[in-house]
Amino acid sequence: MNDDATIESVRDRLRDFAVARDWGQFHKPKNLAMALAGEVGELLAEMQWLTDDQVHEKLADPETRGAIEEEFADVFLYLVQLADVCGVDLTQAAHAKITRNDDRFPSS
């Protein structure tokens, strides 16, 4: 396991993983966006039709929590890959968006 918990370290591992398997040919923006949408759907399926309390119960159970964490990871990994292929710095984009939202929705 890599102890470097940064988006850049995840991005670099994903790059190495894809290169070792010659998957770059498939990692085009449209394909990655579609894969991301599919993984978001799988995450949603883990929670579909459940109350908030039921979702929390699933998260409290190690077995079902593991399945949900796998879906979160898939979403995150495809998002990181898509941003990388598109040349988007996710951290910078996120901070910029929070700043815009702060301006749009000032605190009371």
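**View 1. Asn31 in helix 2.** Asn31 sits in helix 2, which covers residues 29–47. Helices here are DSSP runs of H or I with at least four residues, strands are runs of E with at least two, and numbering starts at the N terminus. The relative accessible area of Asn31 is 31%, so this residue counts as partly exposed. That class lies between buried, under 20%, and exposed, over 50%, with a 1.4 Å probe and protein chains only. Asp84 is 53 residues away from Asn31 along the chain, and their C-alpha atoms are 13 Å apart.

The model is predicted: local features need pLDDT of at least 70, side-chain atom pairs count only at pLDDT 80 or more, and totals for chains, interfaces and linings use all residues. Residues are numbered from 1 along each chain as its sequence is written, and side-chain values use heavy atoms, with hydrogens and water left out.

**View 2. The whole chain.** The chain holds 5 helices and 0 strands. Read from the N terminus, its elements run α-α-α-α-α. The chain is more spread out than a compact globule, because its radius of gyration is 17 Å, well over the 13 Å that the globule rule gives for 108 residues. This radius is taken over C-alpha atoms, and the rule is 2.2 Å times the number of residues to the power 0.38. The C-alpha trace spans about 45 × 40 × 30 Å along its principal axes. Of the 108 residues, 15% are buried. The accessible surface of the chain is about 8,100 Å², and carbon and sulfur atoms hold 57% of that surface. Areas come from the Shrake-Rupley method with a 1.4 Å probe; for residues, only the protein chains shown count as cover. Take the contacts between residues at least 6 apart in sequence: 69% of them join residues at least 24 apart. A contact means heavy atoms within 4.5 Å.

**View 3. Helix 1 against helix 4.** Helix 1 spans residues 7–20 and helix 4 spans residues 62–86. The two pack at an angle of about 85°, with axes 10 Å apart. Helix 1 and helix 4 are therefore roughly perpendicular. Helix 1 brings Ile7, Val10, Arg11, Leu14 and Arg15 to the contact, and helix 4 brings Phe76, Leu77, Val80, Gln81 and Asp84. By class, this contact of helix 1 with helix 4 has 6 nonpolar, 1 polar and 3 charged residues. Axes are lines fitted to C-alpha atoms, for helices over the stretch in contact, and angles run from 0 to 180 degrees between N-to-C directions. Roughly perpendicular means 65 to 115 degrees.

**View 4. Helix 3 against helix 4.** Helix 3 covers residues 52–60. The axes of helix 3 and helix 4 come within 5 Å and cross at roughly 100°. That makes helix 3 roughly perpendicular to helix 4. Lys58, Leu59 and Ala60 of helix 3 meet Pro62, Thr64, Arg65 and Ile68 of helix 4. The contact of helix 3 with helix 4 divides into 4 nonpolar, 1 polar and 2 charged residues. Nonpolar means Ala, Val, Leu, Ile, Met, Phe, Trp, Tyr, Cys and Pro; charged means Asp, Glu, Lys and Arg; the others, Gly among them, are polar.

**View 5. Asp22 in its loop.** Asp22 lies in the loop between helix 1 and helix 2. Its phi is near 55°, a positive value in a residue other than glycine. Asp22 has a relative accessible area of 52%, so it is exposed.

**View 6. Trp49 in its loop.** Trp49 lies in the loop between helix 2 and helix 3. Trp49 is not a glycine, yet its phi is positive, about 70°. With a relative accessible area of 76%, Trp49 is exposed.

Technical notes: Parallel < 35°, antiparallel > 145°, perpendicular 65-115°, else oblique.
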